[in-house]
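Please read the following account with the model in view.

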There are 2 protein chains.
Amino acid sequence: MEGVYIMGVATVFIKSNIGICGGASVVGKKEGEGPLAKYFDIVHDDDTLGEKTWEKAESRLQKDAVNKVLQKTNLSTTDVDIMLAGDLLNQCIGSSFGLREMEIPFLGLYGACSTMAESLVVGSLLLESNQVKTVLCVTSSHFCSAERQFRTPLEYGGQRTPTAQWTVTGSGAIILKDENCSPKIKAVKIGKIVDLGIKDANNMGSAMAPAAADTISSFLSDANMTPNDFDAILTGDLGKHGSEMLKQLLLKSNIDISGVHKDCGMLIFDNENQDTHCGGSGCGCAASVLSSYILEQFKQNKLKNILFVATGALLSPTSVMQGESIPSIAHLVWIQA
Amino acid sequence: MEGVYIMGVATVFIKSNIGICGGASVVGKKEGEGPLAKYFDIVHDDDTLGEKTWEKAESRLQKDAVNKVLQKTNLSTTDVDIMLAGDLLNQCIGSSFGLREMEIPFLGLYGACSTMAESLVVGSLLLESNQVKTVLCVTSSHFCSAERQFRTPLEYGGQRTPTAQWTVTGSGAIILKDENCSPKIKAVKIGKIVDLGIKDANNMGSAMAPAAADTISSFLSDANMTPNDFDAILTGDLGKHGSEMLKQLLLKSNIDISGVHKDCGMLIFDNENQDTHCGGSGCGCAASVLSSYILEQFKQNKLKNILFVATGALLSPTSVMQGESIPSIAHLVWIQA
């Protein structure tokens, strides 16, 4: 299917030789106590990272992830043509303050928790222009900055609903290059906004599942492939309920992903013993899992062919207070060894 | 200079035949009383647009701008491969709620007031991949949603400082295509974040001027051109003070733009009679001026060759409260008849 342009569908099969040349992850204490602990590059004991505010701590996560991925790939900031970055904070200050000293051409993205997939999609298409050589993608989230912005101040000690997810304190950075790196980006698909009317901001997995179903089913149709053609279909942070809903929604179209589905939000925490209810979430969830554990599985040949599908809930506290439902989106990247 | 790739500099000279095939603008009452009134496609008498909240009104601006540009270019939503959108609201809900029913593959951008330039830059590079044919760029801002989010509730009746700018209530949408449309996109330059330490959130023009100076001077150097090679160097919304500062900063590098510089924020209002102090601002300012007045000047052959340089102040109310300075960015698009 490579090289076939399908008009108006926006599954783009990549013609250039675009690959992931390296990844780096930086996470907080709780993530460092979870099942993926040994795969992260930097684990902080103290979620303040020594900074005065949670927002500055989140900016540090991005800065450290970028510096780490540059170090691991033997690149300097001047080798990077474009940096694509995003986060969940109002006006995306995690990115702009974290990266302001880098002196790398900067494009800010907003896709909520889908932002790592969005940045890989845009980065791949920028490389596909043959006008740039090296792109850096980075996103972050921080439990404490997210709680006070989206929910309640930590000091309030609010009870969490069973459908709630736990925002990951973490950042992941990935280098894409138009040269011989592995794994390769085989195709990308930009999602459409899907809103089935769910209004419970404590149940974002369910709000986002229809967007994931839409993107995955239309990709499989565009590519004329089935779930079993992949080692894994890896969603970003649908969590426990959202993942169940995704499987059920796809079954209605006779697509059974139950044998290959994994969710970064379910992988990063031990939900039972870490009290994270439905699993991890946030721009840093899919980013840190992909850039650590998943890339390592590719290195060890345990994964050879996956779909990475990160979802985002495009709401705000204001839209919730105004009685609105939750528009969601899912972007897809086909990654192959 | 066309077709020359300058390594690590990120001025990209476009090789494909990419042009602006149409634009549409939707604005509020005050903008409709300003000097550019006759160029806008839709002028609303009532800034609520009949919606229940300012945020919903802003979403409507984007929706109406998109529908209008599709109508003017005889395109349907299925003809658009990718929609690039952004705004100033927390979590960019102006875009996600305004465009959720469009069923067009959606990429959210955040570049504050630089977002229209950012979307044109990204859109041009996506087209340069030869994998997509039609891209729609749209951004918005609304005076009332911005005031209550960034400053004080309207009811408070706060006094404005002389350096303050007036957020434009408006949206602009532009269609880019890889075919014979005029004017053409000749080159794009992605800005770097620049922060010279200015902390006054009521003087954003001054915070953003250094970013504009950086992008313009390095573009002129990359392209080996001078300001007088252009009919206009059009900044987004530096306003009165920011524009002065930009000219002074560039003069230090022996670049004199005083003969060709225009600023969308200075064009859209009659600052003396409309009490807008330093001029217009917001994601909708540069977008609505470019997609109306400027495109019309190209049609009438009054403009043939311009640089469009929109700047963004990448701060948030939280970063201001935490005593931070204002990181800024400027993206550049070279547009030629």
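The count comes to 4 cavities of 30 Å³ or more. A cavity here is a set of points, on a 1 Å grid over the protein atoms alone, where a 1.4 Å probe fits but cannot get out; a pocket is an open set with protein on both sides within 12 Å along at least five of seven lines; and lining residues have an atom within 4 Å of a point. Grid points are joined across faces, edges and corners, and a volume is the space filled by probe spheres set on the points. The model is predicted, local features need pLDDT of at least 70, side-chain atom pairs count only at pLDDT 80 or more, and totals for chains, interfaces and linings use all residues. Residues are numbered from 1 along each chain as its sequence is written, chains are lettered from A and ligands numbered from 1 in the order in which they are written, and side-chain values use heavy atoms, with hydrogens and water left out.

The largest cavity has a volume of about 220 Å³. Its lining consists of 22 residues, and those nearest its centre are B:C113, B:R151, B:T167, B:M204 and B:S281. Helices α5 and α6 of chain B each supply at least two residues of this lining; helices (H or I, at least four residues) and strands (E, at least two) are DSSP runs, numbered from the N terminus. By class, the lining of the largest cavity has 12 nonpolar, 8 polar and 2 charged residues. Ala, Val, Leu, Ile, Met, Phe, Trp, Tyr, Cys and Pro count as nonpolar, Asp, Glu, Lys and Arg as charged, and the others, Gly among them, as polar.

The largest pocket has a volume of about 730 Å³. It is lined by 38 residues, with A:E147, A:F150, A:R151, A:A201 and A:N202 closest to its centre. In chain A, α4 (143–150), α5 (204–223) and α10 (317–321) each supply at least two residues of the lining of the largest pocket, and α4(A) gives the most, with 4 residues.

The second largest pocket holds about 440 Å³ of space. Of its 22 lining residues, B:E147, B:F150, B:R151, B:T152 and B:N202 are the closest to its centre. The largest share of this lining, 3 residues, comes from α5(B). The lining of the second largest pocket divides into 11 nonpolar, 8 polar and 3 charged residues.

Two packed helices are described by the angle between their axes and the distance between the axes. Axes are lines fitted to C-alpha atoms, for helices over the stretch in contact, and angles run from 0 to 180 degrees between N-to-C directions. In chain B, helix α6 (residues 204–223) and helix α7 (residues 239–251) pack at an angle of about 40°, with their axes 8 Å apart. α6(B) and α7(B) are therefore oblique to each other; angles under 35 degrees count as roughly parallel, over 145 as roughly antiparallel, 65 to 115 as roughly perpendicular and the rest as oblique. Residues of α6(B), including B:G205, B:A209 and B:I216, meet residues of α7(B), including B:H241, B:M245 and B:L249, where contact means heavy atoms within 4.5 Å. This contact has 9 nonpolar, 5 polar and no charged residues.

The axes of helix α2 (residues 54–72) of chain B and α5(B) come within 8 Å and cross at roughly 135°. That makes α2(B) oblique to α5(B). Here B:W54, B:E55 and B:E58 in α2(B) meet B:C144, B:S145 and B:R148 in α5(B).
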